[in-house]
Amino acid sequence: MYDADPAHAAALLRHFADLRDGTHGDAVSRRDKEELFAATVELLDPYARQALDEVNAHLLLGAGEVIATGARKSKGGTEAIWALTWPEQRVAGVNPIILHAFYGTGFHHPHLRGGTVGDWPLNAFTPEQAAAEFPTLRAIASAELHNLVFQRDYRIIPATIRGRAS
């Protein structure tokens, strides 16, 4: 009835194994983990962009722009940000939709989160595992948009104003 090892369960198992073993993938040192994180960001990039591009195409009617930082050092560790910004969101004074991969200074390994959505474990080491994160990235992007509507109102979504929403 159920897939014996669905991708999301496998990702959680990798996460728990890292905690158990004191590793992140095959990496043990902070430096090696940061290098692995940078490689993961490259693997995730097309899927993060696709998730945001889908929101832009279907809900923002192409009015948005995706901005990506790539892996970079930050105050709290190492991070990568993909942001979708659009005119109504900027006028409303709310943040863009954010997909945030981060490896905090005090963290054992990286995580994913949105600007308003909580954290997910991030343990992708192959192209296939990065592809399996796509539903999570899509869910974060959708939840982000939902939470931004709560911060302001539905009018920041062009499709709801221009008759595309049911």
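**Close-ups of a predicted model**

**View 1. Phe-107, a partly exposed ring, and its partner Phe-102.** In this predicted model, Phe-107 comes out as partly exposed, with 35% relative accessibility. Its ring pairs with that of Phe-102: the centres are 5.5 Å apart and the planes meet at 70°, so this is an edge-to-face pair. Phe-102, for its part, is buried at a relative accessible area of 5%. Look over the face of Phe-102 and you'll find Arg-113, 3.9 Å from the ring centre.

**View 2. Phe-37 and Tyr-103, a tilted pair.** The whole structure holds three aromatic pairs, and here's one of them: Phe-37 and Tyr-103, 6.4 Å centre to centre with 45° between the planes. Phe-37 belongs to helix α2 (residues 30-58) and Tyr-103 to strand β4 (residues 97-104), so the pair ties together parts 66 residues apart in sequence. Phe-37 is buried at 0% relative accessibility, and Tyr-103 is buried too, at 1%. Over the ring of Tyr-103 sits the charged end of Arg-30, 3.6 Å from the ring's centre.

View 3. Thr-78 is part of strand β3 (residues 77-85) and is buried, with a relative accessible area of 7%.

**View 4. The largest pocket.** This pocket has a volume of about 170 Å³. Two or more lining residues come from each of α1 (7-21), β6 (119-121) and α4 (127-132), and α1 gives the most, with five. By type, the lining splits into six nonpolar, three polar and two charged residues; His-8, Trp-120 and Glu-133 are among those lining the pocket.

Definitions and conventions:
Residues are numbered from 1 along each chain as its sequence is written. This is a predicted model: local features need pLDDT of at least 70, side-chain atom pairs count only at pLDDT 80 or more; totals for chains, interfaces and linings use all residues. Side-chain values use heavy atoms; hydrogens and water are left out. Helices (H or I, at least four residues) and strands (E, at least two) are DSSP runs, numbered from the N terminus. Buried means under 20% relative accessible area, exposed over 50%, partly exposed in between (1.4 Å probe, protein chains only). On a 1 Å grid over the protein atoms alone, a cavity is a set of points where a 1.4 Å probe fits but cannot get out, and a pocket is an open set with protein on both sides within 12 Å along at least five of seven lines; lining residues have an atom within 4 Å of a point. Grid points are joined across faces, edges and corners, and a volume is the space filled by probe spheres set on the points. Ala, Val, Leu, Ile, Met, Phe, Trp, Tyr, Cys and Pro count as nonpolar, Asp, Glu, Lys and Arg as charged, and the others, Gly among them, as polar. Rings of Phe, Tyr and Trp (its six-membered ring) pair if their centres lie within 6.5 Å; planes under 30 degrees apart count as stacked, over 60 as edge-to-face and the rest as tilted. A charge sits over a ring if NZ of Lys or CZ of Arg is within 6 Å of the ring centre and within 35 degrees of the ring normal.
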